[in-house]
Amino acid sequence: MLQTSDNKIHVTWVHCILLSPVQVANNMMDMDQDPRKRLCFADGRRKVDYVLVYHYRKRSSVRGSPSQHRLSIISNGSYPLGVEEKDQEGRKDEPAEVVVDVGPPDPADGEKIMIREEFEGNLKDAGLEIEHDKENKAHGHAFIRLHAPWQVLSREAEFLKIKVPTKKSYELREEKGLAATMNEVWRKLNQPFQPKVPHQEQEHSRALFFCLTGITTLIANGVYDSAFPLHDGDFHPSGQAEGKNDRQLLHDEWARYGAFYKYQPVDLIRKYFGEKIGLYFAWLGVYTQLLIPASVVGIIVFFYGWATVETNIPSQEMCDEDQNFTMCPLCDRACDYWHLSTACGTARASHLFDNPATVFFAIFMSLWAAMFLEHWKRRQISLNYSWDLTGMEEEEEHPRPKYETILLQKRQRKKKNTKNKNEVGRLYLPYFMQLKHIHAYILPLFTLNVFLPSQTGHEKLTWRDRLPGYLINISSILFMFGVTCSAVFSVIIYRITISALMAMSSDPEVKSNVRVTVTATAVIINLVVILILDEIYGMVAAWLTELEIPKTETNFEERLILKAFLLKFMNAYAPIFYVAFFKGRFAGRPGDYVYVFNDYRMEECAPGGCLIELCIQLSIIMLGKQLIQNNVFEIGIPKLKKLCRTLKDKERAPKEIVEQPGRRQQWHLDYDLEPFDGLTPEYMEMIIQFGFVSLFVASFPLAPLFALLNNVIEIRLDAKKFVTELRRPDAIRAKDIGIWYNILSGLGKFSVIINAFVISFTSDFIPRLVYQYMYSETGTMHGFINHTLSYFNVSNFKPGTVPSISSLGKDITFCRYKDYREPPWSTEPYQFSKQYWSVLAARLGFVILFQNLVITMSMLVAWVIPDVPKNISEKLKKEKTLLVDVFLNEEKEKLQLIQSLFSRDLTQEQQEELNVQFTRQMSMSPQSNITQHTAV
């Protein structure tokens, strides 16, 4: 039953293209109040709600009805022959002269013309109003404008039994005391950060679906070029604050870099672009806000390391030249012995990130990830309530064009096979008829089952149809993983060879900067490879998903997201995983090194440890992806695509085109904008960034700060792109962010494991604890460096690996290297010492302790923070109570009516007994059943 409140209505049209509520708010416009003719039909009153675009060749006017050229169209956009003509009752007001193609050069063009005419005829039959372009061009794009009258909206809303509020309830609470004072102070402090947009009422947040079923299939088949809703006019300000449209409000209060300090107008974003895009920007805003405390703590941890670097005993021992630790050569023949004090700068820099505060920060960030997910769940439920999405059910989606095409091919093959079986049956049927011993009732059954085609009402693609696609997917993804690993290995070979070549240089300046030069250039090469492979993997993921033949757009999107995330995750983090967990662990020891191609030694970590190299690798890749991929690409690529499309249209259009006189209409301006390709790229870059912030945060505490600075720009950049550079997307209703939440949750749990291993195996935190509490005589860190360095007898070098020229003299007997091994004078020289096994046991124990502690605390945080905010829970309970009251009143009125009808035939005792039974029934009725009845 249709119910309205004032002039607002909740309308939903299933399996259709979704239009934002602002597209319908002014669908009947009064020209005395709103003179925006560029958004209206030629009469200046009916607002254009949707636009269809197609490309045409030479046109001419003829007399007649377009129905004679029609080809029937079913709801999924395909076009079988032989369907009856629609009646022409909805076209009485149409002029007798219609525009048709005369003599198309390609038969396919004539078929598309008939399909368009049939489709538009069906739209008119549904009650939509259509306006065509005046044909004054010989070649180009034609625009079809659609308008939905109020009667169509009301009819469809009543047909679908849309729920709307049945009773308004206001409750005013006067705050008193300290709470009122604090709220007032907070309101005044928060006022400058609020966007200056009108308050969006809940009734305005409704959505409308126009009956354009199958338009995606028609676009895929080339019948139409595109279909899109219109923007609300120009985004440039008109000079009058009261007369601004929603697009201008979004541009001024959201899509400007000068508004970076303001909150996002999430309700207005949802109203203009739909719930799905509104949820994305709401999620991005929550993520950016929660990066602020993480950034503050990261800065404190960094400054703690900077403040304690002068008092750090291991760094002092490495920088002390009196210690005179003579280290083994870093390469064969060309490299000389060297003193550990020359790596003083690396040791001091490593302490900035490798200090006791790093462990605290890793625990904090793991809890921060859990708090972020819980906070977003609360925010999402609040938005669902305010946007009236709490009762939204999953609708059955329309199949994708590719799925329908392959299903049609399967049906045709099956029909062909059954036709062959019928021919065989007709050949052998007389023979079976001659068999006397076959009972009469068996023969019809046999012939029906074997020789006649089987009728299947609901055919679909099975796993056998998708098996080739699955096999190609698995093999291709494994191949892409191999490509990523090959790229990482190639950079390793580059580092090894360049280090050896620079070590052989006669220039002392080159020799002294070997490690810095190789590390910096290798990371830049890694960044370039990552950016290139990211673009390739995005296209490969889309191709592989098409091979799986998903049935609906939701299935397609989820599978595409999963594949793209796996490939891009592997691509972005493979170099970082190598530095964190593999570099220097397979290099061997002096006298028994591991060689690549029998000539080059495997690379080792810097004297200060691999953590500083991990920090450099992480920071350059993270900042490079944000600056180049997330910002430069987002600005440059859309403009480049727009330029290419403009040049292509100019080349395709002949010289005899006659442009329409006057100012260009809004649909022409919107068509020149870039089409909307979905939110997957926007989510993907933020998810990869979330991985940088959470996975290896123990090695780079400043990662949340750089992510925060990037997101402040990213929000305004995305806003400017949506408002000014993209066509207005179809508004899509959604209750949550979908599979992205599961990916975030998985990354949060995975980050606990990664940070535990980084602290245990990459940093020196555990070796320092083991030395201080097990091996130090004074209980301090004095002597830690000497404890971590093993001895090697230079006479045990293999022939040809001893330094050819040594500047430290020929009296060197022992050199030192970083490892826990027995000395040369031991009974088991160069074997792992007891200290090694003690440190390894402590590392594994710390991993187990850290994981269980953090996971337990995260579960505690998730348990303490309720998913549903208290005020929302109270409102939902009150609404349920109001529904129960409404139902009880209706039932009571029905009973009174029945009693009044039959009171003459009932005695007083019977009436009292009936009242008692009714009261007992009302008291025993469960609320769940009541709400189910009142939800219609």
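**Aromatic pairs, charges over rings and annotated spans**

Trp368 and Phe372 sit four residues apart, about one turn of the helix, in helix α11 (residues 356-386). Helices here are DSSP runs of H or I with at least four residues, strands are runs of E with at least two, and both are numbered from the N terminus. The model is a predicted one, where local features need pLDDT of at least 70 and side-chain atom pairs count only at pLDDT 80 or more, while totals for chains, interfaces and linings use all residues. Residues are numbered from 1 along each chain as its sequence is written, and side-chain values use heavy atoms, with hydrogens and water left out.

A search of the whole structure turns up 50 aromatic pairs. Rings of Phe, Tyr and Trp (its six-membered ring) pair if their centres lie within 6.5 Å; planes under 30 degrees apart are stacked, those over 60 are edge-to-face, and the rest are tilted. Trp368 and Phe372 make a stacked pair, because their ring centres are 5.9 Å apart and their planes stand at 10°. Both Trp368 and Phe372 are buried, where buried means under 20% relative accessible area, exposed means over 50%, and partly exposed is in between (1.4 Å probe, protein chains only).

What about Tyr573 and Phe692? Their ring centres lie 4.9 Å apart with planes at 50°, so this pair is tilted. It links distant parts of the chain, 119 residues apart: Tyr573 belongs to helix α17 (residues 553-581) and Phe692 to helix α20 (residues 680-694). Tyr573 and Phe692 are buried too.

Charges also turn up over rings, meaning that NZ of Lys or CZ of Arg is within 6 Å of the ring centre and within 35 degrees of the ring normal. Arg116 does this over the face of Tyr54, at 3.9 Å from the ring centre. The charged end of Arg821 sits over the ring of Phe832, 4.3 Å from its centre.

The UniProt annotation "transmembrane region", from an unreviewed entry, includes residues 686-709 and 840-865. UniProt positions follow the numbering used here, feature names are shortened, and annotations may be inferred rather than shown by experiment. Residues 686-709 are 67% helix and 0% strand, with end C-alpha atoms 13 Å apart. For residues 840-865, the end C-alpha atoms lie 37 Å apart, and the span is 96% helix and 0% strand.

Zooming out, the protein has 28 helices and 16 strands. Of its 936 residues, 47% count as buried.
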